[in-house]
Amino acid sequence: MSKTNPIVQFLIVLIAVLGLLFFIHVALLQSSGFPPYGNMLVWSYLVNGLLAAAIFILLYVFRKKLKNSIGFLFMAGSFLKFIVFFIVFYPSYKIDGDMNKLEFAAFFVPYAICLILETVFTAKMLQKMS
């Protein structure tokens, strides 16, 4: 029985978790009377998911070659996500002079979930290398 590639496992889990979380997020917004797709919610989930996938794939591809630098590369990936946030999302959120809780949640809920998944899968990858 062949074992599933860690990249494929990560992508399956990432898509499943983000998809489920997205529908819960939209349902909670709708049930509370807020616009379900406001605050760039769809873009936030897509961008965070794509960045998480790209970062993990790069870490996995270079895991042997840059074994001693994986932690720094992981942190660089998180830094990249913050740069994307401040370039793409922040100007839209601050257009009215204030960033409210819904805007904050629209970006940081998928960001946090992606970060947790990246951390778990990267830790598993590092354990298998030792």
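**Helix pairs, core and one asparagine**

Q: What should I keep in mind about the numbers?
A: This is a predicted model, so local features need pLDDT of at least 70 and side-chain atom pairs count only at pLDDT 80 or more, while totals for chains, interfaces and linings use all residues. Residues are numbered from 1 along each chain as its sequence is written, and side-chain values use heavy atoms, leaving out hydrogens and water.

Q: Which residues of helix 1 and helix 2 make that contact?
A: Helix 1 gives residues including Phe10, Leu14, Phe22 and Val26, and helix 2 gives residues including Leu41, Tyr45, Gly49 and Phe56. Contact means heavy atoms within 4.5 Å. By class, there are 18 nonpolar, two polar and no charged residues. Nonpolar covers Ala, Val, Leu, Ile, Met, Phe, Trp, Tyr, Cys and Pro, charged covers Asp, Glu, Lys and Arg, and the others, Gly among them, are polar.

Q: OK, zooming out. How many helices and strands are there?
A: Four helices and zero strands, taken as DSSP runs numbered from the N terminus (H or I, at least four residues; E, at least two). The C-alpha atoms fill a box of roughly 50 × 35 × 15 Å along the principal axes.

Q: Which residues touch the most other members of the largest nonpolar core?
A: Phe10, Leu14, Leu41, Phe89 and Phe107, out of 32 residues. Helix 1 (6-31), helix 2 (41-61), helix 3 (70-93) and helix 4 (101-129) each give two or more residues to this core, and the largest share, 10 residues, comes from helix 2. A core is a set of buried Ala, Val, Leu, Ile, Met, Phe, Trp, Tyr and Cys residues joined through side-chain atoms within 4.5 Å.

Q: What does Leu41 touch?
A: Beyond neighbours within four places in sequence, Leu41 contacts Phe22, His25, Val26, Leu29, Pro36 and Ala106.

Q: And asparagine 48, buried or exposed?
A: Asparagine 48 is buried, at 0% relative accessible area; the cut-offs are under 20% for buried, over 50% for exposed and partly exposed in between (1.4 Å probe, protein chains only). Asparagine 48 is in helix 2. Leaving aside neighbours within four places in sequence, asparagine 48 contacts Lys81, Phe107, Pro110, Tyr111 and Cys114.
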